[in-house]
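Please keep the sequence and the structure in view while reading.

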Amino acid sequence: MITILAGGTGSIKMVRGFAAHDQEVTVISNVGDNYWLYGMYVCPDIDTIIYGLSGILDEDKGWGVKKDTNNFLRQMEVFGEETWFRVGDRDAATHLIRTNMLKNGKNLSDITQWMCEKFAVESKVIPITDNTVETRITANGEDLHLQEFWVKHRGRGNIEGIQYVGADKARPNPDAISAIQDAELVVIAPGNPLTSIGPMMGIKGVRKELTKNKKKVVSVSPLIGNKSFSGPADKYMEAAGIEVSVFGLAQMYADVCSKMVIDTKDKAQASKIQGLDIQVFDTKIKMQNKMAEEALAGFILKQLKL
């Protein structure tokens with residue numbers, strides 16, 4: 001079994017790549033960017049994984065349902081509501097049924113498992129916790145939910161702080177811990193290390209479990225040079241005072257992984273990373289299509305002889 005820590009729009013590509021090799025894949029999903037919208041509980045990272053594995057993901061946007069309609073949002077505009085979070089009609093149905101199930105006493109793990117069955121997704125998708133964890137950004141003196149900062153305000157302004165509110169009190173999902181323990185390989189997907197992977201690591205016991213199992217943990221870089229190839233990882237790293245490079249990333253993950261996959265363009269930094277006791281593999285890591293997804297997953301499997 002391969003267990004993948006996933007978050008953000010780029011992680012689904014890594015998940016699909018491994019699934020294409022007929023690997024038994026378990027996904028541990030970030031919940032830090034979950035958001036209450038119009039009274040509905042939206043779980044962007046969970047939904048992106050489920051939509052992506054079921055073949056209905058809007059590939060152009062990297063989120064939502066392909067060819068979705070927007071009648072719901074048009075009506076919300078008529079009511080005078082803000083519509084900066086562009087949820088489609090079919091997507092809204094997912095959030096509505098999830099919210100109803102939560103109100104009827106189901107936890108997020110059970111709901112996610114049910115969703116996987118409804119979308120015919122064979123891989124397990126496990127929320128990192130059933131408790132509430134929110135990634136919040138302080139920018140220009142204002143405290144904002146990640147969705148508000150990145151989507152509503154389009155990431156404008158200087159980031160002054162990143163917090164994982166609730167992470168210190170959250171209980172890690174026992175199934176997620178078991179998935180780390182039982183896996184033959186644990187992959188930290190090329191998600192944003194601060195807003196996609198960081199919230200999971202911030203939950204008590206998760207980082208400790210990864211450290212205990214670091215010999216089988218490999219991280220895949222979301223950076224090429226000093227730029228992220230999908231999303232704003234570079235912007236957040238710079239704001240946190242972390243060197244925006246694969247070496248800076250390696251320093252962040254040095255206690256939890258023993259192997260790292262970087263782009264061939266960053267090969268010159270391999271020796272520095274190896275100085276952190278991390279084995280380095282280099283290849284093309286940008287996944288622009290399904291063939292590239294499968295190639296990267298295949299490269300990792302071959303290098304690790306799995």
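Trp 36 is partly exposed, with 49% relative accessible area, where partly exposed stands between buried (under 20% relative accessible area) and exposed (over 50%), using a 1.4 Å probe and protein chains only. This is a predicted model, in which local features need pLDDT of at least 70 and side-chain atom pairs count only at pLDDT 80 or more, while totals for chains, interfaces and linings use all residues. Residues are numbered from 1 along each chain as its sequence is written, and side-chain values use heavy atoms, with hydrogens and water left out.

Rings of Phe, Tyr and Trp (its six-membered ring) pair if their centres lie within 6.5 Å, and the planes make a pair stacked when under 30 degrees apart, edge-to-face when over 60, and tilted for the rest. The count by this rule is 8 aromatic pairs. Among them is that of Trp 36 and Tyr 41, whose planes stand at 40 degrees with the ring centres 4.8 Å apart, so this pair is tilted. Tyr 41, for its part, is buried at 10% relative accessibility.

Trp 84 and Phe 85 form an edge-to-face pair, with 5.9 Å from centre to centre and 70 degrees between the planes. Trp 84 is buried at 18% relative accessibility, and Phe 85 is also buried, at 11%. Together with Tyr 35, Trp 84 and Phe 85 form one aromatic cluster.

Charges over rings are listed below (NZ of Lys or CZ of Arg within 6 Å of the ring centre and within 35 degrees of the ring normal).

| Charged residue | Ring | Distance to ring centre |
|---|---|---|
| Lys 61 | Trp 63 | 4.1 Å |
| Lys 272 | Phe 247 | 4.3 Å |
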